[in-house]
Amino acid sequence: MSAGRVILSRFVVVLILIAGVGCHACAQRNNRVMNRPYTDLRPWHLGFSVGLHTQDLQLTHNGYVTPDGESWFVEQPDFSPGFCVGGLVDFRLNEWFSLRVSPGIYFGNRSLVMRDHESGAVERQDIKSNQVVLPVDLKYASLRYRNVRPYLVGGVMGAFDVSKRHARDLLQLNSADVLVSLGLGCDIYLPYFKLCPELKFCFGLTDMLRHDRPDLADDPDRYKFTQSLAKAATRMVVLTFYFE
């Protein structure tokens, strides 16, 4: 396991432990006091979020071999943590379900490594992204226990990358994507607001690889990296803290 992946996993574990300890302490401290007892009865409410995420590409190879006998393999060996911010509109449907719309922006990076099996040659590329996202999720919450309430969430997310592409990049990705997401979290009722740590897993439904590369018409040798791939799908893990 790479050093970057180890650091990221440890950081996520620490944040989850901090949220869990805070949740337990809140429940213990408020055995008799119910913070914000009527907040879940409102027909709708607003909030905002901050968080971390990692972006991954699930790459499907097609076994392409160049006329010179080169066979290139593309991978993302490491994850770079990114930052995300957003807003929240929560619509109460009934005692158990609510519909959540949380527009935001994700700042991230993917570091790709390309290797030729025959010669051992290596090429590298960083793909930075600034994605405007619009998640729409259905939230199912359990019974409230004192000042905590676990929940599950699932839905779809539209994403559009507004970052500038660089001509003649070895690989280019499309701007628009659609993802499905599943996650879990916990509502923590504090005296003045509700804190909701949430861990979500997102899976892209579209092929993000830009197969048509007219910008490489005068340098066809650089097109071999795109030709080596059949598909590239987005994967993301998002740790979000909602303040409602």
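Hi everyone. Two strands count as paired if DSSP finds at least two bridges between them. Keep that in mind as we look at this chain, which is a predicted model.

Let me start with β3 and β4. They form a hairpin, with four residues between the two strands. The pair runs antiparallel and is joined by four bridges, and in it arginine 92 stands opposite serine 98 of β4.

β3 has other partners too. With β1 it pairs in the antiparallel sense over 11 bridges, and there phenylalanine 48 faces glycine 87 of β3. With β5 the sense is again antiparallel, over four bridges; here glycine 86 has glycine 104 as its bridge partner in β5.

Now, how far can we trust the model? The chain's average pLDDT is 88, and 87% of the residues score at least 70. Among the elements, strand β4, residues 97–101, has the highest mean at 98, while helix α1, residues 3–29, has the lowest at 50.

On to the inside. How many cavities of 30 Å³ or more are there? The count is one. The largest cavity holds about 120 Å³ of space. Its lining has 17 residues, and Ser49, Ser102, Tyr106, Thr240 and Tyr242 lie nearest the centre. Elements giving two or more residues to that lining include β1, β3 and β5, along with β6, β9 and β10. By type, the lining residues split into nine nonpolar, six polar and two charged.

That's my tour; happy to chat.

Note on methods:
Residues numbered from 1 in each chain as written. Predicted model: local features only at pLDDT ≥ 70, side-chain atom pairs only at ≥ 80, totals over all residues. Heavy atoms only, no water. pLDDT = per-residue confidence, 0-100. 1 Å grid on protein atoms, 1.4 Å probe; cavity = no way out; pocket = protein on both sides within 12 Å on 5 of 7 lines; lining within 4 Å. Points joined across faces, edges and corners; volume = space filled by probe spheres on them. Nonpolar A, V, L, I, M, F, W, Y, C, P; charged D, E, K, R; others polar.
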